[in-house]
Amino acid sequence: MPELPEVETVRRGLAPYVEGALIEKVTLNRKDLRFPFPKGFVEALEGQSIVSVGRRAKYLLFRLSGGKIWLGHLGMTGIFRFAEGRFKEPSRYYEPGEDIKHDHVVIALNHPKKGPLTLIYSDARRFGFMDLFEREEDSPYLAGLGPEPLGNAFNAGEMAERFRGKKAPMKAALLDQRVVAGLGNIYVSEALHRAHIRPTTEARKLVLKSGKPSARLELLADGVRTVLTEAIDAGGSTLRDFRAADGGSGYFQHRFAVYDREGEPCPTPGCSGTIRRIVQSGRSTFYCPVCQKP
Ligand SMILES: [Zn+2]
C-alpha cells in the first residue's frame, strides 16, 4: 500500500511529463473506482492544461489551467504509468504480459516539449479514486487534515496540544490524520522506533504538566521527518526515467528499521533488543522492547 513517501515519489516522477501538458482526451473504461467518477469529469479535464502536480497527505493534486483541481488517490494498488505517443492501438503500448484489464483511465496528453504521451491509471483492487473540485477546502477528503509532516506547521508543540490529556496509545494518536496528515501504519512504527517511544505509551505521557512537549515528543517530531525524508530519498533514487513513475514491479522497496522485521535484532546502535510484533487496532505494530521504553 503506497504511503506518503511512495505518493511523493510518484508525484516527482509525473511532474516533468504532466506539468504544462494539454489534456487532449480522457477515456474512462468504467464508471467507478472505489467511488463513481464525479459528474462531468471527462468534459472538465479535456482541453485543460495541467499547471502543476502537488501532493497533500496521500492525495495527488493536479491543478488545471481553468482553476479546478483534479484529485487522485492511489488506494492500495493504484499506478500511474505512461505510454509514449497517442493511444490508438492499445496493444502497441504494453509490455508483453502486462495486464490491461485494470487500466481504468487513459489520458492523451500533449506536452509542449515532450510531445504526445499517454498517461494510464491502472488499479487492480480499485481502492483508489478520483475527484474534482474548485478549492481544496471544498473537498471532503482534504478538509480536517492536520499539518503536512514535512511542512513547517508540523512540530512538537502542535502535537502536545493534541495529545494533552489523551489516553490513546501513541500508535493510534499518530495515525490520527488531524494530528499529522498522511502518516500510515509503516512510518508510525518507524518514527516511534527512531524516537525510542513504546507504541503503547499513552499520548498524554509525552506532554509536560505545563502543556509543553516533552523531550521525547521533540525527538518524535524529528523522527517523523527523518523517516519520511529518507524514504523519499530512497524512492527518488529508483526514479531513473519517466517509466519508473509507474512503480515498475510495484512500489520501491525501502529497508525499514522495525516494520516487518519481527524476531530480527534491533538496528539501534548498542541495543541488544529483538524486534517484536503486536496488534493494535487490528493492525501490526513493530517495536523494540529494549530501546523503546514504556
Ligand atoms: Zn532497540
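The model is predicted, so local features need pLDDT of at least 70 and side-chain atom pairs count only at pLDDT 80 or more, while totals for chains, interfaces and linings use all residues. Residues are numbered from 1 along each chain as its sequence is written, and side-chain values use heavy atoms, with hydrogens and water left out.

Let's start at the metal. The zinc ion has as its protein donors the SG atoms of C266, C271, C288 and C291, lying 2.3 Å from it. Donors here are N, O and S atoms within 2.8 Å of the metal (3.2 Å for Na, K and Ca); water is not among the atoms, so sites may look incomplete. Because the four donor atoms subtend angles of 104 to 117° around the zinc ion, the arrangement is tetrahedral (four donors with all angles between 85 and 135 degrees). For comparison, the ideal angle for four tetrahedral donors is 109.5 degrees.

Along the chain, the donors follow the spacing C-x4-C-x16-C-x2-C. C266, in the loop between helix 6 (215-237) and strand 9 (276-280), and C291, in the segment after strand 10 (283-287), are 25 residues apart and link distant parts of the chain. Helices (H or I, at least four residues) and strands (E, at least two) are DSSP runs, numbered from the N terminus. C266 is buried at 6% relative accessibility, and C291 is buried at 9%. Buried means under 20% relative accessible area, exposed over 50%, and partly exposed in between (1.4 Å probe, protein chains only).

Now to the backbone. Most residues other than glycine have a negative phi. A57, not a glycine, has a positive phi of about 50°; A57 lies in the loop between strand 2 (50-56) and strand 3 (59-64) and is buried, with a relative accessible area of 2%. R126 also has a positive phi, near 55°. R126 sits in the loop between strand 7 (115-123) and strand 8 (129-133) and is partly exposed at 29%.

Terms used: Tetrahedral: all angles 85-135°; square planar, octahedral: opposite > 155°, others 65-115°.
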